[in-house]
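Student: I would like to learn how to read a structure like this one. Could you walk me through it?

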Amino acid sequence: MTTTQQIVLTVLATKEAIHSKRLLIVERQDKLHNAIKGEILVGTKAYNTIELPWKENQINISCIPAGTYTFQKIKRTSNNQNALYIREVTNRTEILIHQGTKPEHSHGCILVPEYEELHRNVANKGLIIII
């Protein structure tokens, strides 16, 4: 297979993933002293995000590193709420995308004020890219 053919297949697969809502993109935009504000893109819809500031990936006080991860829909056992579980985060466990409106609602997770709408518009599992 040529390089051009590989690129075309990658673009088509990405387009399909976006259309099927299996590809989420988090774009970190505003880095404030106590939070990072951004957006998560699902298909053509954008939702606001809130994260803790970057503090060298320290547990409970830092956002997670930019990168590519897999996600899966879950029901949280602690409060029976919906969430997306972000898998394979280096040196971290239990990183979620869930409902929240303030940085203090997070211990390293990605907060989405309109989370339930996001949850309805996302596939059961897929890929998340954080930039």
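**Salt bridges, cysteines and backbone angles**

Tutor: Happy to! At 42% relative accessibility, asparagine 60 counts as partly exposed, because buried means under 20% relative accessible area, exposed over 50%, and partly exposed in between (1.4 Å probe, protein chains only). This is a predicted model, where local features need pLDDT of at least 70, side-chain atom pairs count only at pLDDT 80 or more, and totals for chains, interfaces and linings use all residues. Residues are numbered from 1 along each chain as its sequence is written, and side-chain values use heavy atoms, leaving out hydrogens and water.

Student: What is the phi of asparagine 60?

Tutor: Most residues other than glycine have a negative phi. Asparagine 60 has a positive one, near 70°. Glutamate 88 also has a positive phi, near 60°, and is exposed at 62% relative accessibility.

Student: How many salt bridges does the structure hold?

Tutor: A salt bridge is a side-chain nitrogen of Lys or Arg within 4 Å of a carboxyl oxygen of Asp or Glu. There are two here. Glutamate 51 pairs with arginine 28 at 2.8 Å, N to O. Glutamate 51 is buried at 1%, and arginine 28 is buried at 16%. Glutamate 117 pairs with lysine 45, with the closest N and O atoms 3.8 Å apart. Both are partly exposed: glutamate 117 at 30% and lysine 45 at 37%.

Student: How many disulfides does a search of the whole structure find?

Tutor: A disulfide is a pair of cysteine sulfur atoms within 2.5 Å. The search finds zero. Cysteine 63 is buried at 1% relative accessibility, and cysteine 109 is buried at 7%.
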